[in-house]
Structure formats: C-alpha cells, structure tokens
Amino acid sequence: MQTRPIRTGPALTEMAAERTEVAIVGAGPAGLVLGRLLHRHGIETVILEARDRDYVEGRIRAGVLEQGTVDVLHETGVCGRLDREGLVHDGIYFNVDGDRQHIPMATLTGSAVTIYGQTEVVSDLIEARIDDGAPLRFESRATGFDDLNGDAPVVRYIDADGRERRLQARFVAGCDGFHGVCRAAVPEHALQTWTREYPFAWLGILADVAPSTDELIYAHHESGFALHSMRSPQVSRLYLQVAPDEPLERWPEDRIWEELAVRLGTTGWTLRSGPIVERSVTPMRSFVAAPMRHGSLLLAGDAAHIVPPTGAKGLNLAVADVAVLAPALVDCLRGRDPGALLRYSDRCLERVWRAQHFSWWMTTMLHVDPEMSPYDRQLQRSQLRYVMSSRAAQTSLAENYVGLPLRT
C-alpha cells in the first residue's frame, strides 16, 4: 500500500506532506494489531516508530495472553507461530509461605490462557506488515501535532535520515506508550488522570533453562513476592520483588537463584537454575487517563493506562483497546456509523477499570509492603488464606485472570 504525497496549504507551511487515513504512532502491540486490523479492511495506515527494529523486537515484556487476545490475533491472520508454539495453561499455582495450591481456571471458567511472549507477537506482526507492503517506519520519532481538533490532523516527525517530515491523516492513533508524545499532546484541561506508585519493583530475569513448573507460580513469602513464568519449554522467565531503586549489581546470579528457590519453594519441589541472559528492574505503577479521545487523536494501550504486571493485563488491555477502536474507525471512515468513535473511550474504560482493580488486588495481596501496618498484614494473610481455600474466591480470581469477554 502506498501513501500519496501532496502539497499542504499555508497552515502546514510549504513542506511536502504525505496523506493517509490513519496515522499510527508506535509499533508496539497496540499499534501493530491496529494497523493489521485496519489493513484487512482496506484502510490506509502509516506506522511511525521512534526506535529501530532490533530494539522493538528485542523488548522483553508480557507473555500471558487472554483467550480474547488470542482471538484477536487470529482475526489479524497472524497466528501460525502462536498456534504452533504457544503454551496453553489451564490454571496457575498460588504458593503462600511454602504451601502450594493449584487454581484450575479452565475448570472454574471454561477458559484458559496462552503463554507466548510479547516479543514474539511483535515480531510476527512486523513481519506480516512488511510482507503486506504497508508503511512501517522505524527510527521515525513523532515530535508534535497540528490541527488535532480538525478533520486533517498532521503528525510532525523526524525520519531515520534526520529530516523533518509531515504526515496528514483523518485520525491519529496514539499507541506510543506511557512516555510517548501522544498523551502529552492533549491539553491538561481536557484530560483527567489517576495514578498510584507502588513501594516495590520486580527484578526480572530471562534464563536459558527449562521451566521448573508446568504452569505459572505466584508466590507470597515473608521475604517478598516471586513469580515463576516461562517463554517456551526451554526458556524460563522469573521475577523477584525488590525495592524500586534496587541496583542490579547487588544481585549476582547465585543470589538470584538462591532467593527464588526460597520464595518459590515447597516440599518435594526443586527449582532448576541456568544461565541468565537478561535481567532488569521494573518499577510498578497504576495509571489511567481519560477520555481516550481528543478530537482526531485516539489513545490506546500504555499511552492511556498502565497496570502493575501481577495481573498479566498490560498487553491484553492494549489489544482489547484496538479491538474496539479498529471497527469504530472502519465504520467512521466508510460512513456506516460516523458516531462509532464517540463510544470508544467509554467502552474501553469500563474494561480498563476492571483490570485496574484486579491488578491492584493481586499486587497488594501477594507483595510484602514495607509500609504495611501489623493490622494490614493480618488482613492480607486472611485474604490469602481465603483464596487458597475457597472455590468461590478462586472462581472470581480465575474469571478476571483469563479475561472478560471483549466488547467490540
């Protein structure tokens, strides 16, 4: 698909511009899935991504896909490797001070989750877009916007050769993450935000060793939270609760494996260790911005909301956003329902706030908060015992974990 060079009027200066129907800022999961869904409906798009391809495909992020997310990826037609390599999990384990309980999500809800790394999702979508011949411009950094309240907004950006460029569109999709320029372009008076910072972070590692479990283990321990996840039958992904300002040099490989073995441990179980190939410390926050539309600018994914990773909702919320946005854009651009985009923000935010609550609940229940009072500590332990013993509590957890039905 080719974009069409045009000359803009005086308001856009004499600089040559391109025109497309939807300009997408950001080549993460939200931007790539949106681009693919629109492409399959004949909508012209250009995706601008500030980073290079190696960086985008190498970012280690989420890996738990709700069934609704898997369904959307099937709708994109980019699902061959997902179907072959994704690991379907029917449940998760809770490990509380050495006592392990299986929560059978598929039995309780009829749904499961699939383990397939965000890096793989992104790589699959990038390859498909390139094969389609649809514009995907790496190292093209959006710097600002013109006429977001009009019918022909313009994205100003610096391309890979350092040239200032303009891209004119009918709509702009802001899929450039929490630190991107899209949300910042919304006037302060037009946006309401809610945020919560957590007094802990995750030290995450990727290790070349077969997982020591068949399904994810969420562990609460007096020393802090731990999580045993995986990326494939040969690669393990594990996390430890640490302080937000924890220096990585304090955590050599031996210490990491020793602490994981303690926090995840239970009678008769052994944690396999192996070479650590990637490690990082990720602070945790909750954040919501509303509304998710300002004029011709539509926010999606991390540009509009952030959740702590405990509930495995970040990637899934991004895909849920664009599953609503794509058909609304198609209806609006093709004249079938010009008002479809008016409902976009409210429809997404209902799901976002449910995921916010679940992610906050999982996070505060499983982590050791250094600011927690003795009274709060007893409440936390009571909640953990309830989840470990109550089928009703496990059903509620499972229903939220596998994901509510997508509203499209």
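Trainee: How many residues sit between β16 and β17 in their hairpin?
Mentor: Five residues lie between β16 and β17 there. In the turn, G224 has a positive phi of about 135°. Keep in mind that this is a predicted model.

Trainee: OK, and do β16 and β17 pair in the parallel or antiparallel sense?
Mentor: Antiparallel, over three bridges. For β17, residues 226-232, H228 is the bridge partner of I217.

Trainee: What about β7 and β16, parallel or antiparallel?
Mentor: That pairing is parallel, with four bridges between β7 (residues 92-96) and β16. N95 has A219 in β16 as its bridge partner.

Trainee: Which way do the residues of β16 point?
Mentor: I217 and A219 point one way, while Y218 and H220 point the other way. All of them are buried.

Trainee: Switching to helices. Where do the axes of α10 and α11 end up relative to each other?
Mentor: The axes of α10 (residues 344-366) and α11 (residues 374-389) come within 9 Å and cross at roughly 110°. Angles of 65 to 115 degrees count as roughly perpendicular, so α10 and α11 are roughly perpendicular to each other. The crossing of α10 past α11 is left-handed.

Trainee: Which residues meet there?
Mentor: From α10 you have W361, T364, M365 and L366, and they meet Q380, Q383, L384 and V387 of α11. Five residues in that contact are nonpolar and three are polar, with no charged ones.

Note on methods: Residues numbered from 1 in each chain as written. Predicted model: local features only at pLDDT ≥ 70, side-chain atom pairs only at ≥ 80, totals over all residues. Heavy atoms only, no water. Axes fitted to C-alpha atoms, helices over the stretch in contact; angles between N-to-C directions. Helix = DSSP H or I, 4+ residues; strand = E, 2+ residues; numbered from the N terminus. Parallel < 35°, antiparallel > 145°, perpendicular 65-115°, else oblique. Left-handed = near helix turned anticlockwise from the far one by under 90°. Contact = heavy atoms within 4.5 Å. Nonpolar A, V, L, I, M, F, W, Y, C, P; charged D, E, K, R; others polar. Buried < 20%, exposed > 50% of the residue type's maximum accessible area, 1.4 Å probe, protein only. Pairing = 2+ DSSP bridges.
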